[in-house]
Each structure stands twice: as structure tokens, then as C-alpha cells.
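This report looks at how the parts of one protein chain are arranged. Please keep the sequence and the structure in view while reading.

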Amino acid sequence: MSWTDFYRRRDTLEAALQQAGNDPERPLSLAGIPGAAESFRSEEDLLLALHHKWTQLLGGYLRAELADPEDAAAGQVLDQVDAVTRAWKRATSEHATLRAVLDANIDRYPALTPLHEGELRMLAITAGLAEYGESADEITKVGYTFDALLRNGPDARPARRRSPMGHLLRLLAPSA
């Protein structure tokens, strides 16, 4: 891929997100997105590229959150669950249309499912809720559960650092 192709694809992805901004649940139309028909073979290819963009963005937020120099300087123990939660919420907040488009289309295009499940495994392992030695199915189940908590849990960030297990229990049972 040449730099010209790269920039054309990048601009097409941005145009697709602009088009989806009004109604992210509506299917994307290649005909309605400038340059989409030239850059992508199908809506599925466009969505796969959007998922790649999301993965890059989320990975950046996770790296930034997990490598927070303020925590290291203060000698605080990093709570991985809280760090991953903050990173995910920030990514979804700042890129809400992208996340909404992916969520709306995951059931329409089976090719997105393994990518989404890979994201869920990444979140579960990064949060310390699963380990590499576990089966992919188990890690995926933990990821689905964590994802549900991220989407439906309380919006308030914890006031202080907590152990990941204690935080997870509080999310599961708010009265605990």
C-alpha cells in the first residue's frame, strides 16, 4: 500500500464515521461515502478497517493508562481493573461513533466476531482478570463479563485505588 492509498483509506474511514454520526446503527453505504468504493471491496471490509482503527486507539489508551508515571512516582500499586476501565471508558467516550458503529454491526458481519472476542480477551488479560495459560474460551467468557460491567456498571470512578478483586466484587454486587 502506498502512502497515497494509506491517506485515502484514512480519509474514507473518517468520512464513514461522519456519515454514521447521525445514526451509527444504520448500515454504512459505500455509495454514500466519498472514496469508499475505491478503497474497500465491501461494507464488511470497511468495518474490518474501522475495527482495526478501534483496536489501535484502545491499545493506545490502555498503554497510556497502564504506564501512568504519576502512579509510579507516588509509589502507588496499580489497580489494573480500574486502569483498564478508565482507558476503555475514555476511548468509548472520545470515539463514541466508532464504537457505536462496531457494536451495531457485530451481529451483521460474522467476520467481526473473532476480532471482538480478541478485544475482550485483551481487556480481560490486561485487567488481570484472566491469564495467558487459561483457555481462549474461558478468557473470552471473562472478557464478555467484564465488557458487560464496563458498559452497565456505575459511571463513577473509584475515589481511591482498590484491589482488582474487590472492585470486581463491588461491580457485581453494588451493596458490597
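## Buried and exposed

A residue is called buried when its relative accessible area is under 20%, and exposed when that area is over 50%. Thr12 has a relative accessibility of 2%, so Thr12 counts as buried. The structure is a predicted model, and the values below are computed from it.

## The chain as a whole

The chain contains 9 helices and 0 strands. Read from the N terminus, its elements are α-α-α-α-α-α-α-α-α. Of its 176 residues, 39% are buried.

## Helix α1 and the residues around it

Thr12 is located in helix α1. Leaving out residues up to four places away in sequence, Thr12 touches Ile33, Pro34, Gly35, Ala36, Ser39 and Phe40. Ala15 is also part of helix α1. Is Ala15 buried or exposed? Its relative accessibility is 16%, so Ala15 counts as buried. With residues up to four places away in sequence again left out, Ala15 touches Ile33 and Pro34. Between the C-alpha atoms of Ala15 and Gly35 there are 8.7 Å, while the two residues are 20 residues apart along the chain.

Ala37 belongs to helix α2, which covers residues 36-39. With a relative accessible area of 55%, Ala37 is exposed. The C-alpha atoms of Ala37 and Thr12 are separated by 9.4 Å, and 25 residues separate the two along the chain.

Helix α3 spans residues 43-66 and helix α6 spans residues 96-105; they pack at an angle of about 130°, and their axes are 10 Å apart. Because of this angle, α3 is oblique to α6. The crossing of the two is left-handed. On the α3 side, the contact is made by Glu43, Leu47, Leu50, His51, Lys53, Trp54 and Leu57, and on the α6 side by Leu98, Arg99, Val101, Leu102 and Asn105. Sorted by class, this contact has 7 nonpolar, 2 polar and 3 charged residues.

Helix α3 also packs against α5, at an angle of about 140° and with the axes 9 Å apart. The two helices are therefore oblique to each other. The crossing of α3 and α5 is right-handed. From α3, the residues in contact are Trp54, Leu58, Tyr61, Leu62, Glu65 and Leu66; from α5, they are Ala83, Val84, Arg86, Ala87, Trp88, Arg90, Ala91, Thr92 and Glu94. The classes in this contact are 10 nonpolar, 1 polar and 4 charged residues.

## Lys53 of helix α3

Lys53 is a residue of helix α3. Which residues is Lys53 in contact with, leaving aside its neighbours within four places in sequence? They are Glu14, Leu17 and Leu98. Lys53 and Arg10 are 43 residues apart in sequence, and their C-alpha atoms are 9.4 Å apart in space.

## The buried side of helix α6

In α6, the buried residues include Leu98, Arg99, Val101, Leu102 and Asn105. These residues lie on the same side of α6, because they cover an arc of only 160° around the axis. Among the elements that cover the buried residues of α6 are α1 (3-20), α3, α5 (80-94), α7 and α8.

## Helices α7 and α8

Helix α7 runs over residues 112-126 and helix α8 over residues 136-152. How do they pack, and at what angle? The angle is about 80°, and the axes are 7 Å apart. Angles of 65 to 115 degrees count as roughly perpendicular, so α7 is roughly perpendicular to α8.

The residues of α7 that make the contact are His116, Glu117, Leu120, Arg121, Leu123, Ala124 and Ile125. Those of α8 are Ala136, Ile139, Thr140, Val142, Gly143, Tyr144, Phe146, Asp147, Leu150 and Arg151. By class, the contact of α7 with α8 divides into 10 nonpolar, 3 polar and 4 charged residues.

Methods:
Residues are numbered from 1 along each chain as its sequence is written. This is a predicted model: local features need pLDDT of at least 70, side-chain atom pairs count only at pLDDT 80 or more; totals for chains, interfaces and linings use all residues. Side-chain values use heavy atoms; hydrogens and water are left out. Axes are lines fitted to C-alpha atoms, for helices over the stretch in contact, and angles run from 0 to 180 degrees between N-to-C directions. Helices (H or I, at least four residues) and strands (E, at least two) are DSSP runs, numbered from the N terminus. Angles under 35 degrees count as roughly parallel, over 145 as roughly antiparallel, 65 to 115 as roughly perpendicular and the rest as oblique. Contact means heavy atoms within 4.5 Å. Ala, Val, Leu, Ile, Met, Phe, Trp, Tyr, Cys and Pro count as nonpolar, Asp, Glu, Lys and Arg as charged, and the others, Gly among them, as polar. A crossing is left-handed if the near helix is turned anticlockwise from the far one by less than a right angle, and right-handed if clockwise. Buried means under 20% relative accessible area, exposed over 50%, partly exposed in between (1.4 Å probe, protein chains only). The arc is that of the directions from the helix axis to the C-beta atoms.
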